[in-house]
Amino acid sequence: MLWKSLSFSELSLNELYDLLKLRVDVFVVEQNCPYPELDDKDRQSQTQHLLGLNEQGVIQAYARVLAPGVSYPDASIGRVIVAEAARGAGVAHTLMQKAIAISTKKWPEHNIQLGGQEHLKSFYQQLGFEPVSEMYLEDGIPHVDMLLTLDK
């Protein structure tokens, strides 16, 4: 897997199209959840787009790393996704470890928060995140806010 961390302006048109297509294919179509996928957070100057590409250059994994104050007071990781063909091979753990590393390098004084789908709570807990909210519905899907508290 080739990993790239790019700002919005560094993304090629094909990379942008491919990452948006993957997000829509999974979050909107596969999960049958129409929601406003384009939220202007992609274009913010500090946002990092983490892409995991296979040998053919096809995006297999993606996460969006956001600066403090964009979604939460702390830094955050969102739009965490692994393409169906790459699931079950540990790609999600590697993806999250890389996203955490990006966040801690860019904003070392901030913890990391995310709003994860509730059925993935134990996955995020394995990475050190702890629930900080009760379950809530976001676009009809159960979610829970989780926080990774970093040693500062």
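One thing before we start: what you're looking at is a predicted model.

**Stop 1: the largest pocket**

Begin by selecting Phe27, Arg79, Val80, Gly115 and His143. Of the 34 residues that line the largest pocket, these are the closest to its centre. The space inside comes to about 830 Å³.

Now colour the pieces around it. Helix H1 (13-30) and helix H3 (121-126) each supply at least two residues of the lining, and so do strands S3 (59-66), S4 (75-82), S5 (112-117), S7 (136-138) and S8 (141-148). Which of these gives the most? That's S4, with seven residues.

**Stop 2: Leu95**

Next, select residues 91-106, which make up helix H2, and pick out Leu95 within that helix. Is Leu95 buried or exposed? Its relative accessibility is 0%, so Leu95 counts as buried.

To see what surrounds Leu95, show its contacts beyond four places away in sequence: Trp3, Leu50, Ala61, Tyr62, Ala63, Val80, Ile81 and Val82.

Draw a line from the C-alpha of Leu95 to the C-alpha of Trp107: the two residues are 12 apart in sequence and 18 Å apart in space.

**Stop 3: strand S8**

Finally, select S8, residues 141-148. Seven of its eight residues are buried, so S8 is largely enclosed by the rest of the structure.

Which strands pair with S8? Take them one at a time.

- S5: this strand runs antiparallel to S8, and six bridges join them. Click Gly116 and you'll find its bridge partner in S8, Val144.
- S6: select residues 130-131 for this strand, which is antiparallel to S8 and joined to it by two bridges. Glu130 stands opposite Leu147 of S8.
- S7: three bridges link this strand to S8, again in the antiparallel sense. Here Glu138 stands opposite Ile141 of S8.

Together they form a hairpin with two residues between them. Zoom in on Asp139 in the turn, where phi is positive, at about 55°.

As a parting look, bring the pocket back on screen: S5, S7 and S8 each supply at least two residues of its lining.

Methods:
Residues are numbered from 1 along each chain as its sequence is written. This is a predicted model: local features need pLDDT of at least 70, side-chain atom pairs count only at pLDDT 80 or more; totals for chains, interfaces and linings use all residues. Side-chain values use heavy atoms; hydrogens and water are left out. On a 1 Å grid over the protein atoms alone, a cavity is a set of points where a 1.4 Å probe fits but cannot get out, and a pocket is an open set with protein on both sides within 12 Å along at least five of seven lines; lining residues have an atom within 4 Å of a point. Grid points are joined across faces, edges and corners, and a volume is the space filled by probe spheres set on the points. Helices (H or I, at least four residues) and strands (E, at least two) are DSSP runs, numbered from the N terminus. Buried means under 20% relative accessible area, exposed over 50%, partly exposed in between (1.4 Å probe, protein chains only). Contact means heavy atoms within 4.5 Å. Two strands pair if DSSP finds at least two bridges between them.
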